[in-house]
Amino acid sequence: MLRIGDIEMKNQVVLAPMAGVCNSAFRLTVKEFGAGLVCAEMVSDKGIVLKNARTMNMLYIDEREKPLSLQIFGGEKKSLVEAAQFVDKNTTADIIDINMGCPVPKITKCDAGAKWLLDPNKIYEMVSAVVDAVEKPVTVKMRIGWDDEHVFAIQNAQAVERAGGKAVSMHGRTRVQMYEGKANWDIIREVKKSINIPLIGNGDVETPQDAERMLEETGVDGVMIGRAALGNPWMIYRTVKYLETGQLMDEPSVREKMDVCVLHMDRLIALKNENVAVREMRKHASWYLKGVKGNGMARKGINDCETREDVVTLLYGLVDEVEAKEQNLQMV
């Protein structure tokens, strides 16, 4: 099993910390589908230090989500350490993760996120400062490099280990690639050989079979699933079951998908409020609708929904249409 410091997961499947997505409502939903570890979306160190209201709300953790990793980002040692200390003492997060992978310019311009990938010495300095200041295990999520000319994946991972980090999660793309092209699992495999702390692989895990292949080809200790879980927590469940038993579970029915979409929405409403939650659920509902036959009108209509009732009416209207068509086909 995957173990980070003294935190032991029940399996090797990890939900990636996706910005604008991995709030408590989404994390809890994915956790109930069997994820061994869920990761919160990245939180600004400055926002924590300044006690920004929106940032403070992002630190909310439902105890049912645990074990949970809470990710922070920043480019200055003082504020990063202060933020880590606050998370350490004032939240029930099990793990403190430092973001070194975010490729977005507004983050890298602040010397945060993927900008760290250019300097293994800075990685050592920053991670060791955080490790020395907190009691919870500290981990790092990074990419293999900045661009093809600056791939310091091994040096960077070794710097994390020397600094006292308890695990590394590595996305097999460079910062320049963003989310395009192919993830380089060969480099992930070389990194695994070069460190003694757990390595979690990330990138191009779109099916349960991909997860198994990553474990076998790279030797990583865990598999991190990101975009493949959007609107599809069954990806987590099916991956866990496949790795445990070799059995590929059935895909969910349309009704099952919409039931979970509404559950997700209701949790988001409880976390925020109906107006904010419904607007935020538009992208999630579109993801839940992906792959459903005849979903075109529904995916367009979801952007006009203003209330919970609007969303429920639209989603189950599509369910009724799909089920009626299936019934008609069975009768032919």
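User: Hi! What sits over the ring of Y179 here?
Analyst: The charged end of R143 does, 5.0 Å from the ring's centre. A charge sits over a ring if NZ of Lys or CZ of Arg is within 6 Å of the ring centre and within 35 degrees of the ring normal. Keep in mind that this is a predicted model, where local features need pLDDT of at least 70, side-chain atom pairs count only at pLDDT 80 or more, and totals for chains, interfaces and linings use all residues. Residues are numbered from 1 along each chain as its sequence is written, and side-chain values use heavy atoms, with hydrogens and water left out.

User: Thanks! How many aromatic pairs are there?
Analyst: The count comes to one aromatic pair. Rings of Phe, Tyr and Trp (its six-membered ring) pair if their centres lie within 6.5 Å; planes under 30 degrees apart count as stacked, over 60 as edge-to-face and the rest as tilted. The rings of F33 and W234 have centres 5.1 Å apart and planes at 70 degrees, so this pair is edge-to-face.

User: Where do F33 and W234 lie?
Analyst: F33 lies in the loop between α1 (24-31) and β4 (37-39), and W234 in helix α10 (residues 234-245), so the pair ties together parts that are 201 residues apart in sequence. Helices (H or I, at least four residues) and strands (E, at least two) are DSSP runs, numbered from the N terminus.

User: Are F33 and W234 buried or exposed?
Analyst: F33 is buried, and so is W234. Buried means under 20% relative accessible area, exposed over 50%, and partly exposed in between (1.4 Å probe, protein chains only).

User: New topic: at what angle do α7 and α8 cross?
Analyst: The axes of α7 (residues 153-162) and α8 (residues 185-194) cross at roughly 35 degrees and come within 9 Å. Axes are lines fitted to C-alpha atoms, for helices over the stretch in contact, and angles run from 0 to 180 degrees between N-to-C directions.

User: Which residues make the contact?
Analyst: From α7 they are A153, I154, A157, Q158 and E161, and from α8 they are I187, E190, V191 and S194. Contact means heavy atoms within 4.5 Å.

User: And the backbone: which residues does the cis peptide bond join?
Analyst: The cis bond joins K66 and P67, with omega about 0 degrees. P67 lies in the loop between α3 (53-58) and β6 (68-73).

User: What about phi of K51?
Analyst: Phi of K51 is near 55 degrees, a positive value in a residue other than glycine. K51 counts as partly exposed, at 47% relative accessibility.
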